[in-house]
Amino acid sequence: MQEIGHWINGKTVAGTSGRFADVFNPATGEVQAKLALASKAELDAATADAAVAQVKWGATNPQRRARVMMAMVGLLNRDMDKLAEALSREHGKTIPDAKGDIQRGLEVIEFCIGAPHLLKGEFTDSAGPGIDMYSMRQPIGVAAGITPFNFPAMIPLWKMGPALACGNAFILKPSERAPSVPMMLAALFKEAGLPDGVLQVINGDKDSVDAILDNETISGIGFVGSTPIAQYIYARGTANGKRVQCFGGAKNHMIIMPDADLDQAADALVGAGYGAAGERCMAISVAVPVGKATADALIARLIPRIEKLKVGPYTAGNDVDYGPVVTAAAKANIMKLIETGVAQGADLVVDGRDFSLQGYEEGFFVGPHLFDNVTTDMDIYRKEIFGPVLSVVRSESYEAALKMAMDHEYGNGTAIYTRDGDTARDFAARVNVGMIGINVPIPVPLAYHTFGGWKKSSFGDLNQHGPDAFRFYTRTKTITSRWPSGIKEGGEFNFKQME
Ligand code: NAD
């Protein structure tokens, strides 16, 4: 059985804690690797080495660091097929989805090539007599990232790229359910020219996360995962004086107005609700048609589309719309919530509960489900299901639909389908959600904008990638300078001179 260790000081290293986790192939249900789970001692030692390596890397000029990013883009493109295969084998998503995962990460590395420009400071000439004032962005030192299973390439790259481009050392603690691709990414960074020790990948579970939270050398943490863990990491990390940004769960609503193109809306809902088995933080899990006629017409369009979805292993190629969910536990949780939906009175109009795939009976496949007449007090509405389950909550008016999205505790993404510019503009202006789509179902911002939700989908001030990432992974220092020749008529410096 393959054993996966850690990436420390430029090479793979076996774990020493004696603790392991199973890594599954979700399509077959088989254990395909044993993952070493790091102890606090292993995390602390790797962090100490990273701190040493950071000193030289932080002093390397930004264009040299940018060249590492440039080389990394080439290597990601070169190894796209290999990475996608490894990703699908552990995660279960289809190969096109896996390539999308890698591509969205690659685009942030492309953005990081602009580090020399993004790290430029500000300068005020003659802030006082003979006095200049300038600010610079310096790396925060050693930063850490704790990432989820659902985007094993994209989210680690969103964290590693900006942190490294800013001159930090970086400790990545990937999900224990999909660790292979992060290890491959670290090897590619070395090939791209990153010095040993600057990037460490420490595999592990709560023990290694707690070690990160309590390690005094680590000064910033970027987390992505479920909301309860996000809140835990934010609270403990900030209590320990660290800069922390945590991105949590989601329940993304799509509002469908009576004037919307309903075929387009139905196609969008099927892609955004069931793609990647619904295991996306930007998946649409709630459809809110406005008016009975809209709701009936939408349901009539959704049912045949959903019934046509093909569920299968990634090895079946382009015939498959989505694959298995990540673990047996994830599947059990989804099935339990579906039963709760039925018990609480929602209409299960597409029932995938009996779904089974010949030859893959032990795989973690979940058939597609569609609920109609869901109400906002039901568990399937309130909780994040993270599976191929779409809930239709009928609304009598636009205002009621808007209020529904606003009252939900999560605020990651949302979308509106309408032909009316006034309504779309009003929605974008008023809704308390971080990322909005207007006739776009999954409005994931591109690398040069920033990604982040509101409410219980995000904790901390700054977003991921884009210019915010360069702010998060740097500290500002402001210098006031005066040269002796400027002192002539000024005498001693005082604040009066600056007014
Ligand atoms: P998760 O919270 O279970 O795990 C995320 C990370 O936290 C992993 O590295 C894991 O090892 C660690 N972790 C888990 N339990 C822990 C504990 N008790 N103490 C300390 N660390 C712990 O999340 P997941 O299941 O891997 O990912 C799915 C979740 O991530 C969903 O809720 C999804 O919405 C969310 N997500 C959010 C975004 C976003 O940008 N907002 C993006 C992707 C995924």
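Is phenylalanine 149 buried or exposed, and what relative accessibility does phenylalanine 149 have? At 8% relative accessibility, phenylalanine 149 counts as buried, where buried means under 20% relative accessible area, exposed means over 50%, and partly exposed lies in between (1.4 Å probe, protein chains only). The structure is a predicted model, in which local features need pLDDT of at least 70 and side-chain atom pairs count only at pLDDT 80 or more, while totals for chains, interfaces and linings use all residues. Residues are numbered from 1 along each chain as its sequence is written, and side-chain values use heavy atoms, with hydrogens and water left out.

Rings of Phe, Tyr and Trp (its six-membered ring) pair if their centres lie within 6.5 Å; planes under 30 degrees apart count as stacked, over 60 as edge-to-face and the rest as tilted. By this rule, the model holds 9 aromatic pairs. In one of them, phenylalanine 149 and phenylalanine 386 have ring centres 6.0 Å apart and planes at 90°, so this pair is edge-to-face. Phenylalanine 149 sits in the loop between β8 (142-146) and α6, and phenylalanine 386 in the loop between α13 (379-382) and β17 (389-392), so the pair ties together parts that are 237 residues apart in sequence. The names of these elements follow DSSP runs, numbered from the N terminus: helices are H or I with at least four residues, and strands are E with at least two. Phenylalanine 386, at 22% relative accessibility, counts as partly exposed.

A second pair joins tyrosine 234 and phenylalanine 459; it is tilted, with 6.5 Å from centre to centre and 40° between the planes. Because tyrosine 234 lies in helix α9 and phenylalanine 459 in strand β22 (residues 458-459), the pair ties together parts that are 225 residues apart in sequence. Tyrosine 234 counts as partly exposed at 27% relative accessibility, whereas phenylalanine 459 counts as buried at 15%. Elsewhere, Phe170, Phe472 and Tyr473 form one aromatic cluster. A ring can also have a charge over it, which requires NZ of Lys or CZ of Arg within 6 Å of the ring centre and within 35 degrees of the ring normal. Lysine 93 lies in this way over the face of phenylalanine 151, at 4.1 Å from the ring centre.

Attention now turns to empty space. Rolling a probe the size of a water molecule over the atoms shows where such space is left. On a 1 Å grid over the protein atoms alone, a cavity is a set of points where a 1.4 Å probe fits but cannot get out, and a pocket is an open set with protein on both sides within 12 Å along at least five of seven lines; lining residues have an atom within 4 Å of a point. Grid points are joined across faces, edges and corners, and a volume is the space filled by probe spheres set on the points.

The largest pocket has a volume of about 970 Å³. Its lining comprises 46 residues, with Pro148, Arg177, Gly225, Ser226 and Ile229 nearest the centre. Two or more lining residues come from each of α6 (154-165), α8 (206-214), β11 (218-224), α9 (227-239) and α12 (328-343). Both domain 1 (2-248 + 457-478) and domain 2 (252-438) contribute to the lining, so the largest pocket lies between them; these bounds come from an automatic or database domain assignment. By class, the lining of the largest pocket has 24 nonpolar, 12 polar and 10 charged residues. Here Ala, Val, Leu, Ile, Met, Phe, Trp, Tyr, Cys and Pro count as nonpolar, Asp, Glu, Lys and Arg as charged, and the others, Gly among them, as polar.

There are also 4 cavities of 30 Å³ or more.

Finally, the backbone deserves a look. Most residues other than glycine have a negative phi. Phenylalanine 386, however, has a positive phi near 55°. Alanine 277 likewise has a positive phi of about 55°; it lies in the loop between α10 (262-274) and β14 (284-289) and is buried, with a relative accessible area of 0%.
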